[in-house]
Amino acid sequence: MGERRAAWFYRLRGFRILARNLRTGSGELDLIVRRGRLVVFVEVKTRQSLGAGEGVDSVDRRKQLQMVKLAGAFVANHARSLPPPDILELRYDVVSLFWTGRRFNITHFPDAFRPISDPNRPWKWTV
């Protein structure tokens, strides 16, 4: 249910869904969306209890590296249907959903991490 809600969240913001639950031998990407030259790889975490922390807390460095690897493979395999590499923008988001029993509370973390450093934007790995 959480991944469907996250897809709806992005569609309302003008994104087109490219893939859901894309599984490979190396792992899974929950959601891949596109708007113009921006392609976003989304990790969706849904919780019914905050006892183990919010969903975003479980996206550790290992998961981030896995997302980057899977995103690279996706871009390589779909190069013909994506913008040219010189204008293609990639982003890694985390959508954390908490089910209250009546509705979802959504927390969106756009550009949650970057695989390389950018001197114009301070960042850190969320561990």
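**Notebook: helix H2 and the five-stranded sheet**

I began with helix H2 (residues 61–77), which lies across S1, strand S2 (27–35), S3 and S4 and runs at about 60° to S2. The model is a predicted one, in which local features need pLDDT of at least 70 and side-chain atom pairs count only at pLDDT 80 or more, whereas totals for chains, interfaces and linings use all residues. Residues are numbered from 1 along each chain as its sequence is written, and side-chain values use heavy atoms, with hydrogens and water left out.

**Entry on terms for the fold.** I took helices (H or I, at least four residues) and strands (E, at least two) as DSSP runs, numbered from the N terminus. Axes are lines fitted to C-alpha atoms, for helices over the stretch in contact, with angles from 0 to 180 degrees between N-to-C directions. Contact means heavy atoms within 4.5 Å, and two strands pair if DSSP finds at least two bridges between them.

**Entry on the whole chain.** I looked up the secondary structure, which comes to 2 helices and 5 strands, and from the N terminus on the elements run α-β-β-β-α-β-β. Of the 127 residues, 37% count as buried, where buried means under 20% relative accessible area, exposed means over 50%, and partly exposed lies in between (1.4 Å probe, protein chains only). I also noted that residues 24 or more positions apart account for 51% of the contacts with a separation of 6 or more.

**Entry on the sheet.** In what order do the strands of the open sheet stand? I read the order as S1-S2-S3-S4-S5, with mixed pairing. Strand S1 (16–24) and strand S5 (104–109) are the edge strands, each pairing on one side only, and neighbouring strands are turned by 25° against each other on average, direction ignored.

I then went through the pairings one by one. S1 and S2 run antiparallel and are joined by 7 bridges, with 2 residues between them in their hairpin; Ile17 has Val33 in S2 as its bridge partner. Strand S3 (residues 38–47) and strand S4 (residues 89–99) run parallel and are joined by 10 bridges, and here I found Ser96 of S4 as the bridge partner of Lys45. S4 and S5 pair in the antiparallel sense over 6 bridges, with Val94 opposite Phe109 in S5. In the S4 and S5 hairpin there are 4 residues between the strands, and Gly101 takes a positive phi near 105°.

Not counting residues up to four places away in sequence, Leu29 touches Arg20, Asn21, Leu22, Phe41, Met67, Leu70 and Ala71. Leu29 and Val42 are 13 residues apart in sequence and 7.0 Å apart in space, C-alpha to C-alpha.

For helix H2 I picked Gln66, which counts as buried because its relative accessible area is 19%. With residues up to four places away in sequence again left out, Gln66 touches Ser26, Gly27 and Glu28.

**Entry on aromatic rings.** I looked for ring pairs and found 6 aromatic pairs; rings of Phe, Tyr and Trp (its six-membered ring) pair if their centres lie within 6.5 Å, and planes under 30 degrees apart count as stacked, over 60 as edge-to-face and the rest as tilted.

Arg13 lies over the face of Phe9, at 3.6 Å from the ring centre.

**Entry on Ile87.** Ile87 is partly exposed, because its relative accessible area is 37%, and its C-alpha atom is separated by 8.9 Å from that of Leu38, 49 residues apart along the chain.

Technical notes: Lys NZ or Arg CZ within 6 Å of the ring centre and 35° of its normal.
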